[in-house]
Amino acid sequence: CRHLILILGDQLNHDNPALDGFDAAQDHILMVEAPAEATLVWSHKARIALFLSAMRHFAVQLEAAGLPLTYLKLGAHAYPSLSAAWRAQVLQLQPQKLIVCEPGEYRVLQALEQLAVEMGCALAVRDDTHFMCSRADFKRWAGSNKSLRMEFFYRWMRKRHDVLMEAGEPAGGAWNFDADNRQSFGKRGPQQLPSAPAVAVDAITHDVLADVAFHFPEHPGSLAHFVWPVTRAQALAFLDDFIQHKLGQFGPHQDAMWQSSHGPGQSKSMLGETPGESQQAQATPFLWHSLLSSSLNLKLLDPREVIAAAEQAYRQQRLPLASVEGFIRQVLGWREFIRGVYWLDMPGMASANHYQHQRALPVWYWTGDTHMNCLRQTIGQTLEYGYAHHIQRLMVTGLFGLLAEIDPRQVEAWYLAVYVDAVEWVELPNTAGMALYANGGRFTSKPYVASGAYIKRMSNYCTGCRYKPELRSGPEACPYTTLYWHFLAKHHDTFAANPRTALMAKNFERLDADERMRIAAHADKVLNGLDAL
Ligand code: FAD
Ligand code: SF4
């Protein structure tokens with residue numbers, strides 16, 4: 001053929017730039033379900049199922065449009081990896097050129113470049129126009145600055161794309177309304193939780209779920225609640241549901257966490273439950289979050305349409321600006337920024353280990369079987385749905401990884417494995433950069449450390465826990481609290497020297513020598529017995 005177009009599992013947009021200029025008479029498309037992509041990290045069953053189902057639905061649409069396509073299904077071919085399948089097809093079809101849209105993973109880009117050299121075939125890697133800031137533009141914006149700040153990037157993007165702007169000024173006269181956002185639910189808990197939108201399991205998804213159960217039976221996670229959009233139409237329905245029923249409340253509840261009496265970790269749902277129980281359990285993990293990350297990352301949705309829908313809801317339905325701005329900041333700001341930083345800092349980011357942490361990931365990260373209730377709940381729902389919201393990822397599982405001095409490689413592999421929205425360009429900077437400070441503060445002004453008091457303030461997890469967030473040492477001490485003070489002791493000088501953390505260092509200085517010794521002794525016990533917590 002003339003051109004062999006490679007479409008990867010997270011490139012399921014019909015305006016995929018690799019298809020520009022496609023001529024059905026001389027070009028051909030290749031899509032591959034490669035087992036290695038599910039096993040490089042020990043992927044959650046729902047993550048594998050989501051990618052495969054969305055790919056198969058997309059392939060059906062390409063075929064219906066009359067585009068010539070080779071689709072290699074799991075189990076129906078013997079190629080272990082993407083590279084092996086591509087190599088065989090290049091040999092067979094002898095294309096003049098391979099064309100692909102920029103992949104979302106450095107490793108895949110390298111594999112493509114290697115293959116092109118090895119096969120003596122021209123390779124065109126086209127800019128991924130899904131993103132609103134190209135890699136080249138981000139590089140220009142970042143310049144030679146050592147430290148990058150999302151806030152300035154976000155303001156630049158707002159002006160550049162004319163989002164929530166009025167006569168050159170930010171709508172409402174401010175860039176940020178965080179003072180109105182980020183509240184806890186208080187003691188009463190959330191009132192009138194919105195229901196999660198439903199996705200019908202059609203014949204394609206049904207087959208995929210069976211394939212995943214057959215090929216990856218030992219993998220973590222459950223397929224019992226497969227709730228994710230696998231087509232653009234379903235993703236648009238999720239977007240509409242979010243705008244109509246959740247966006248107005250998004251801001252105030254963005255950071256709050258809540259365990260309902262039927263929440264995951266308490267129900268038997270991972271082992272098989274009645275449908276009624278699963279309905280109950282669904283409401284709590286999702287709260288007022290959009291659940292759009294996987295649809296955006298698979299490119300079933302375009303960020304421009306998501307942002308436009310939110311802005312329109314502010315202008316036409318008068319939804320609160322604090323919520324709308326808070327949401328737009330995540331998509332136009334954080335998501336684009338994170339992608340820019342990934343490509344700017346790879347491959348170094350993947351091996352960064354600022355604190356030289358070396359401990360092994362506790363085994364209960366894969367089971368949720370720990371006495372620490374916040375982790376039990378967060379990991380429980382992660383295994384059940386492949387989902388946790390941002391603060392659960394940053395301030396529960398991520399914070400523990402940092403305070404417990406876990407090797408960043410092991411934490412990163414876990415995040416890449418267990419979330420349905422995980423693709424390396426977004427997972428790695430969030431984990432290495434935001435949660436673990438493994439890249440030494442390249443885009444955060446301080447490590448995100450906190451004691452159990454933060455989790456107590458933002459959730460009801462501590463009420464159901466054997467540990468007490470206010471205790472620093474002793475058998476009932478909250479491990480977060482012990483390890484937080486231990487962390488302050490260990491990094492006192494750098495914390496004291498940074499205006500953003502100086503207050504924490506001062507608080508540590510107020511502890512007397514005996515208390516410091518008790519903390520050190522208990523932290524030692526905790527760190528040497530992580531699996532038993
Ligand atoms: P909402 O809370 O409704 O937010 C709206 C949208 O904003 C999201 O759909 C997402 O597209 C975007 N967004 C919000 N925060 C971020 C962020 N920090 N970086 C990039 N985009 C953001 N997100 C992923 O998509 N894939 C990942 O693999 C991933 N790994 C993470 C790992 C860690 C340690 C942390 C702290 C965060 C990670 N995030 C990741 C970011 C964020 O937690 C998820 O995007 C969000 O929880 C998805 O749920 P939602 O769609 O309901 O988001
Ligand atoms: Fe988590 Fe500590 Fe609260 Fe237990 S006491 S739920 S471990 S923060």
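Helices here are DSSP runs of H or I with at least four residues, numbered from the N terminus. I keep that in mind for the entries below, and I note that this is a predicted model.

**Entry 1: Leu-223.** I looked up where Leu-223 sits. I found Leu-223 in the loop that joins helix H7 (203-215) to helix H8 (232-245). Leu-223 has 18 other C-beta atoms within 10 Å, so I list Leu-223 as partly exposed; a buried residue would need 20 or more.

I next looked for partners of Leu-223 beyond four places in sequence. Among them are Leu-209, Val-212 and Ala-213, and also Lys-45, Ala-46 and Ala-49. I also took one distance: the C-alpha atoms of Leu-223 and Arg-47 are 9.5 Å apart, although 176 residues separate the two along the chain.

**Entry 2: domains.** I wrote down the division of the chain: domain 1 (3-126), domain 2 (135-349) and domain 3 (363-532). For domain 1 and domain 2, I noted 27 Å between the C-alpha centres. I counted the contacts as 21 residues of domain 1 with 24 residues of domain 2. On the domain 1 side, helix H2 (residues 45-64) gives the most, with 10 residues. I sorted that side by class and got 11 nonpolar, 7 polar and 3 charged residues.

**Entry 3: ligand 2.** Which residues are closest to ligand 2? I listed Cys-374, Gly-452, Cys-462, Cys-465 and Cys-478, out of 15 that surround ligand 2. Helix H14 (373-385), helix H18 (452-458) and helix H19 (479-490) each supply at least two residues of the shell. H18 gives the most, with 3 residues. By class, I recorded the shell as 11 nonpolar, 2 polar and 2 charged residues.

Definitions and conventions: Residues numbered from 1 in each chain as written. Chains lettered and ligands numbered in written order. Predicted model: local features only at pLDDT ≥ 70, side-chain atom pairs only at ≥ 80, totals over all residues. Buried ≥ 20, exposed ≤ 12 C-beta atoms within 10 Å, placed from the backbone. Contact = placed C-beta atoms within 7 Å. Domains from an automatic or database assignment. Nonpolar A, V, L, I, M, F, W, Y, C, P; charged D, E, K, R; others polar. Near = placed C-beta within 6 Å.
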